[in-house]
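These are my notebook entries on a two-chain model. I record what I looked up, one topic at a time.

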Amino acid sequence: MEPQLVIQIESSPQLIGPWPRLLKTISIMVLLLCLAELTGLGRYIYQVLQPRPQSSGVLVLTSHSYQSIRTLISVSMGLVDFFVAAGAVILWKRSEPRLLIIALGLWFVPWAAGVVQHVFAFGLLGSLIRSTSTFYSIIFASFPALVLLILREYTGHWPVLRNPLRLFVRWLID
Amino acid sequence: MAIGSLIEVVIGLLLIMGAVNLLRSGSQRLILAGHWAIVVLWFVTFLAWSFLRPGSETLSFLFNSILGAFHMNSFPIMVILILRAHHAR
């Protein structure tokens with residue numbers, strides 16, 4: 001007698017293996033990061049609202065415009081963090097990554113604005129050589145980028161352009 | 001400060017070698033060691049600053065340290081957890 005062919009139709013490939021545990025880990029880590037960023041934002045706004053000692057007019061003008069843009073970027077980042085947190089909660093409850101993918105994509109907009117503002121304020125060389133802020137910004141962005149890549153593997157497709165590093169990775173493997 | 005930077009360079013090299021090793025042979029050892037080293041280095045730096053800094057502004061220091069810890073360590077911890085999950089499969 002020939003063995004019968006068994007086809008599993010109830011469990012999708014995403015719900016087996018390490019995925020459930022991985023998705024819960026991602027949710028918790030993302031929620032913790034949102035909490036930290038929102039707390040940092042609250043502290044930043046508190047510091048901005050504190051009265052400052054007067055200095056020369058030119059310095060105050062430059063500092064004021066820089067500070068205003070900085071505050072705008074920080075508040076935008078805080079708003080996006082709420083979306084990211086909502087996406088993480090939905091991922092935890094329903095294993096549905098769509099909102100988190102969109103929110104993390106949005107997260108990169110204020111992040112990039114912050115990097116561009118820093119480069120404009122201190123110059124390209126100044127922001128790269130004299131200050132470590134640009135490098136730290138890249139380090140901060142590595143976690144959301146990693147989560148996006150993992151969720152890409154989970155969903156099985158990529159909503160934006162294909163990974164440009166693929167050729168380099170293939171070259172390394174071959 | 002200089003010693004810390006030197007250690008960071010060594011960790012960076014370890015991570016690059018570990019990533020290449022993981023891609024080529026699937027070995028996780030070096031990259032895991034590099035990411036654990038980042039977490040341990042942060043913890044050691046935190047302890048050192050706790051003892052060396054002046055006594056005032058304890059709350060502010062703790063606050064900055066906790067926020068910095070989330071930003072600096074979330075990526076390495078995530079990589080460690082992913083590699084553990086992959087290893088356990």
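**Entry 1. Leu100(A) and its neighbours.** I looked up the contacts of Leu100(A), leaving aside residues up to four places away in sequence, and found that it touches Val84(A), Gly87(A), Ala88(A), Leu91(A) and Leu151(A). I note at the outset that the model is predicted. Leu100(A) lies in helix 3 of chain A. Is Leu100(A) buried or exposed? I counted 28 other C-beta atoms within 10 Å of Leu100(A). A residue counts as buried at 20 or more such atoms, so Leu100(A) is buried. I also checked Leu100(A) against Ser27(A): they are 73 residues apart along the chain, and their C-alpha atoms are separated by 9.3 Å.

**Entry 2. The nonpolar core.** I next asked which residues have the most contacts inside the largest nonpolar core. They are Ile26(A), Val30(A), Val84(A), Leu100(A) and Leu104(A), in a core of 26 residues. I then listed the elements that give two or more residues to this core: from chain A, helix 1 (19-49), helix 2 (57-94), helix 3 (98-122) and helix 5 (133-155), and from chain B, helix 3 (58-88). Helix 1 of chain A gives the most, with seven residues. For Val30(A) I looked up the contacts as well; setting aside residues up to four places away in sequence, Val30(A) touches Val84(A), Ala88(A) and Val147(A). I noted that Val84(A) and Ala88(A) are also among the residues that Leu100(A) touches.

**Entry 3. Chain A as a whole.** I recorded six helices and zero strands in chain A. Along the sequence the pattern reads α-α-α-α-α-α. Chain A has 174 residues, of which 17% count as buried. I then took the contacts in chain A between residues at least 6 apart in sequence, and 65% of these join residues at least 24 apart.

**Entry 4. Where chain A meets chain B.** How many residues of chain A are in contact with chain B? I found 20 residues of chain A in contact with 17 residues of chain B. On the side of chain A that touches chain B, helix 1, helix 5 and helix 6 (166-173) of chain A each supply at least two residues. Helix 1 of chain A gives the most to this side, with ten residues.

**Entry 5. Chain B.** I recorded three helices and zero strands in chain B, with the pattern α-α-α along the sequence. Why is chain B described as more spread out than a compact globule? Its radius of gyration is 16 Å, whereas the globule rule gives 12 Å for 89 residues; the value is well over the rule, so chain B is more spread out than a compact globule. The C-alpha trace of chain B spans about 50 × 30 × 15 Å along its principal axes. Of the 89 residues of chain B, 13% count as buried. Among contacts in chain B with a separation of 6 or more, 52% come from residues 24 or more positions apart.

**Entry 6. Helix 1 of chain B.** I checked the span of helix 1 (residues 2-25) of chain B, which has 24 residues. From its first C-alpha to its last it reaches 34 Å, close to the 34 Å expected at 1.5 Å a residue. Just after this helix, I noted a positive phi of about 80° at Gly26(B).

Note on methods. Residues numbered from 1 in each chain as written. Chains lettered and ligands numbered in written order. Predicted model: local features only at pLDDT ≥ 70, side-chain atom pairs only at ≥ 80, totals over all residues. Helix = DSSP H or I, 4+ residues; strand = E, 2+ residues; numbered from the N terminus. Buried ≥ 20, exposed ≤ 12 C-beta atoms within 10 Å, placed from the backbone. Contact = placed C-beta atoms within 7 Å. Core = buried A, V, L, I, M, F, W, Y, C linked by C-beta atoms within 7 Å. Expected span 1.5 Å × (residues − 1). Rg over C-alpha atoms; globule rule 2.2 N^0.38 Å.
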